[in-house]
Amino acid sequence: MPPMDFQGFIEWLIQVFQRIEILVPTLAGVAFIAFLGIRYRNRRRDLALEEVQVVGEEEKTSRPAEKALEEEDEFSEARMRTLEALKVRGTLKPMPLAASKEGGHYPDIVGISLSKAEDLIRDLVKKGLAFEGEVEFSVAACPLCGSCSQVALISCKNCGSFRVHEVKYYRHTCGYVGAESNFLTEGKLRCPQCKSSEGIELYYKRYYCQDCKTESDEVNIAFKCGSCGSFYDESNMMLKQFKKIELSREGLEEYEKINRALSTQIQRLSAQGYTIERPATLVGESGVTHSFEAVARRGDEVIAIASAFGEPLTQVLFKLGVAKTDLKLSRLIVITGKPSSPAEREFARSLGIEIIEPSHL
Ligand SMILES: [Zn+2]
Ligand SMILES: [Zn+2]
Ligand SMILES: [Zn+2]
């Protein structure tokens, strides 16, 4: 095999397979293993595009893992709302959040947990709908578990002990300066030199360590992790950066193109008497759940529609090739926002997958 780029590799692969006439089963086998790998790393439903649905309530309730599906729906809804906010403002701004593991949040993302919100941001960035901008702030995090939930403790600069307390020094207008204990008589502050209780003010503070018996002007700050309980300080803390999230106009354009094409397809199928589920999942003979933008049914016919948004078309075709062998589909359609190459079209044709691309819209 000569040295070549990825595109060349695919063309070479197709030629080889055509020659030995084992294209689909072999490819499907290889891709199936790859797919399982991808699937387990990223179990979330693929991009659920805007505007939903028609159908399938009775089916929904009978499905297993109903809770997971519910969470996925919440995730899709949160993504839609987040995308709307991004479209309006162009930017999502993070804010620090006290007493949270995450340490900060994006107030525009609502309706899902903070950790899911982080997944959502990663997902938008991965799909090319948004990109990370400037750092807004950084939060101290546990070097062991990454949690930002902590309590700050003061410790002795000299020996590291936590057995440190504050010593207040007061000054009286007569000129006397002394520790708080010298001023305290019967729970009240009174000048030990002139016995007056007027005009006494806090002069400075120092810190006394009960272990090394020293007093100093400064202390160290140490953290006890609220999640795993370990101690850390400035020298070994982790910093978690919070960045502005900016909308990618280019990504949005592709997303909307695909969205329009998807709606057109669905309207067409609907008019032909198909029942539409959007988004939809189908369970294959292998037991694996395959996710689609939409599934259309009419009698025994099942048409699945996927999109190649934010992913190279070849990669999507590999996954769909697997889905096609695992499911009984009448048609499998993939919508792409970018023009496909001849190699990609050839690959799709060999797998029996229809491509709908911008030039067809
Ligand atoms: Zn000490
Ligand atoms: Zn005095
Ligand atoms: Zn921790």
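The questions and answers below explain the terms applied to this predicted model.

Residues are numbered from 1 along each chain as its sequence is written, and chains are lettered from A and ligands numbered from 1 in the order in which they are written. In this predicted model, local features need pLDDT of at least 70, side-chain atom pairs count only at pLDDT 80 or more, and totals for chains, interfaces and linings use all residues.

Q: How many helices and strands are there in the chain, and what makes a run of residues a helix or a strand?
A: The chain has 9 helices and 21 strands. Both are DSSP runs, numbered from the N terminus: helices are H or I with at least four residues, strands are E with at least two.

Q: What makes the phi of A99 worth noting?
A: Phi of A99 is positive, about 55 degrees, and A99 is not a glycine. Most residues other than glycine have a negative phi.

Q: Which class does K213 fall into, buried or exposed?
A: K213 has 9 C-beta neighbours inside 10 Å, so K213 counts as exposed. K213 lies in the loop between β10 (200–209) and β11 (215–216). Its phi is positive too, near 55 degrees, and K213 is a residue other than glycine.

Q: Why does M80 count as partly exposed?
A: M80 has 15 C-beta neighbours inside 10 Å, so M80 falls in the partly exposed class. M80 belongs to helix α4 (residues 66–89). Its C-alpha atom is 9.9 Å from that of I109, 29 residues apart along the chain.

Q: What share of the chain is buried?
A: Of its 361 residues, 27% count as buried. In strand β20 (residues 331–335), 4 of the 5 residues are buried.

Q: How do you know that β19 and β20 pair?
A: Two strands pair if DSSP finds at least two bridges between them. Strand β19 (residues 301–307) and β20 run parallel and are joined by 5 bridges. A306 has V334 in β20 as its bridge partner.

Q: What makes the crossover from β19 to β20 right-handed?
A: A crossover is right-handed if, with the strands pointing away from the viewer, the path from the first strand over the helix to the second runs clockwise. Here the chain goes from β19 through helix α8 (residues 313–326) to β20, and this β-α-β crossover is right-handed.

Q: What pairs with β20 in the parallel sense over 3 bridges?
A: Strand β21 (residues 354–356) does. I333 stands opposite E354 in β21. The β-α-β crossover from β20 to β21 passes through helix α9 (residues 342–351) and is right-handed.

Q: What are the edge strands of the open sheet?
A: The sheet has 3 strands in the order β5-β12-β13, with antiparallel pairing. Its edge strands are β5 (150–156) and β13 (231–233), and each pairs on one side only. Strand β12 (residues 219–225) pairs with β13 over 3 bridges.

Q: Which residues does the cis peptide bond join?
A: The cis bond joins R278 and P279, with omega about -10 degrees. P279 is in the loop between β15 (275–277) and β16 (280–283). Most peptide bonds are trans.

Notes
Buried ≥ 20, exposed ≤ 12 C-beta atoms within 10 Å, placed from the backbone.
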